[in-house]
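Dear colleague,

I am passing on the structure below, together with notes on a few places in it that I went through. Please read the notes with the model open beside them.

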Amino acid sequence: MATPAALTTWGITNNGHRCRLGRAGVTAARRSAAAPAGTALAALLQAADQELPAAVALRRELHASPELGGHETRTAGRVAAALGEPGAPSVTTGRLLRMGAAGGPSVAIRAELDALPLAEQTPVAWASRNGASHSCGHDVHLAALTAAGLAVRRVGGPLPLVAVLQPREESQPSGAQDLVGSPQLEAQDVRAMIGVHVHPHVARGQVSVGPGPVNAAYDEVTITVRGHGGHAAYPHVTRDPVIAAAHVILALQHLISRRTDPMHSAVLTIGTVQAGAAANVIPEQVVLTGSLRTFEPADRASLRLAVGTTAGATAEAYECTAQATFTQGEPVLDNDPALAAAATACLIQAGFRVVESLRSCGSDDFAYYCTRYPSLMMFAGVGQPGETGAPGLHHPAFLPPEDAVGDVARAMLAGYVAACSVVAAGRAERGQR
């Protein structure tokens, strides 16, 4: 569960790591996000408005020709060119582009380059036809970052802005995990990381922002159930792994409802079942794959152990065996309290209604930045009032409206200015000691 902001509010040390801010630092962070930051934000928002027509055109271009994780070279180059640096060097198929002074502390904004392996189902003329789809809104994020970055280039900002064009958010190995701690990103002296993601569960004109955990940790599990196959007409001389696997799936469900504190959010899903190749053959094995999502580190460890124990014991009851293996994914996405507090004031100035934090068991590799830098993920609404049953994230018919490019750009700039104020407040407090 989230800890009260007053108890765990963080600043930034000279080397970019987290440090606790005292009460004076918290107060300074909030105050500095009001008046002085307001002037800078107003100028940046006005400049970004002038960039929106080109940004919307870029969104359409990126949407029509998406690239999957690990193959985003063209997308990265196109966005880098739109930001005025076509020759920006590649960093694990992504790009880092700096707006402002070449040295000193900076604030970074992340946008994702990759698409999903889905055949798009939208009616627009600029829909993708190549079997991949920007059904998670990454095209909107990239276009918005170009508008925000060019605004900072045009009028300047309190600190340099680093545009992080990140590869492989939707696939492994994680692009964020590769970037965090890399020499290229370390050289940017990043003091805070900002992310904005479109979300259909938040209404248009609203932004969800709050301190503490907002996305779950994610692990993938593979369970292999082995038996003794044979002819379907003679089941008594086999040990059927399909029956055993079916009972394993059912038995796993009690781990959330009866082995997990009901006040702790957790989800265990079996997503695929692979067994056999013929209707009249009992196979030798069944392979199950699924996902485990948790917020509490203790739950993550205990549930991983319990999945293996439960699967093995259940399969044994049917004279089969079961082995579970886990691939560890993203950690919990933990929003920095000081950034969340400062961003709220800036988002209101930018014309948004700030709503209660959206906390979901979804995951995002932005969480890796949270382990290294004070970080903030905000969710910009694209939902329409009264709309029910509309396609959501990762659905092939999901298509945020074009106005979302401007909304996300404004939210990015609000987060950027807020982060600059928090960095300044932290440095001011250290100077007082």
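**Helix α10 and its ends**

The buried residues of α10 are Pro 337, Ala 338, Leu 339, Ala 340, Ala 342, Ala 343, Cys 346 and Leu 347, where buried means under 20% relative accessible area, exposed over 50% and partly exposed in between, with a 1.4 Å probe and protein chains only. This is a predicted model, in which local features need pLDDT of at least 70 and side-chain atom pairs count only at pLDDT 80 or more, while totals for chains, interfaces and linings use all residues. Residues are numbered from 1 along each chain as its sequence is written, and side-chain values use heavy atoms, with hydrogens and water left out.

Helix α10 runs over residues 337-349, and its 13 residues reach 19 Å from first C-alpha to last, close to the 18 Å expected (1.5 Å times one less than the number of residues). Helices here are DSSP runs of H or I with at least four residues, and strands are runs of E with at least two, both numbered from the N terminus.

**The four-stranded sheet**

An open sheet of four strands, paired in the antiparallel sense, has the order β12-β14-β10-β15, pairing being assigned if DSSP finds at least two bridges between two strands. Its edge strands, each pairing on one side only, are β12 (266-275) and β15 (321-328). Within the sheet, β10 (residues 217-226) and β14 (residues 285-294) are joined antiparallel over 10 bridges, and Asp 219 has Leu 292 in β14 as its bridge partner. Helix α9 (residues 297-316) packs on the sheet and touches β10, β12, β14 and β15, its direction making about 160° with that of β15; contact means heavy atoms within 4.5 Å, and angles run from 0 to 180 degrees between N-to-C directions of lines fitted to C-alpha atoms, for helices over the stretch in contact.

**Two buried residues**

Ser 128, in the loop between β5 (106-112) and α4 (138-155), is buried at a relative accessible area of 4%. Leaving aside neighbours within four places in sequence, Ser 128 is in contact with His 63, Ala 64, Pro 66 and Glu 120.

Gly 406, which lies in helix α12 (residues 403-432), is also buried, with a relative accessible area of 11%.
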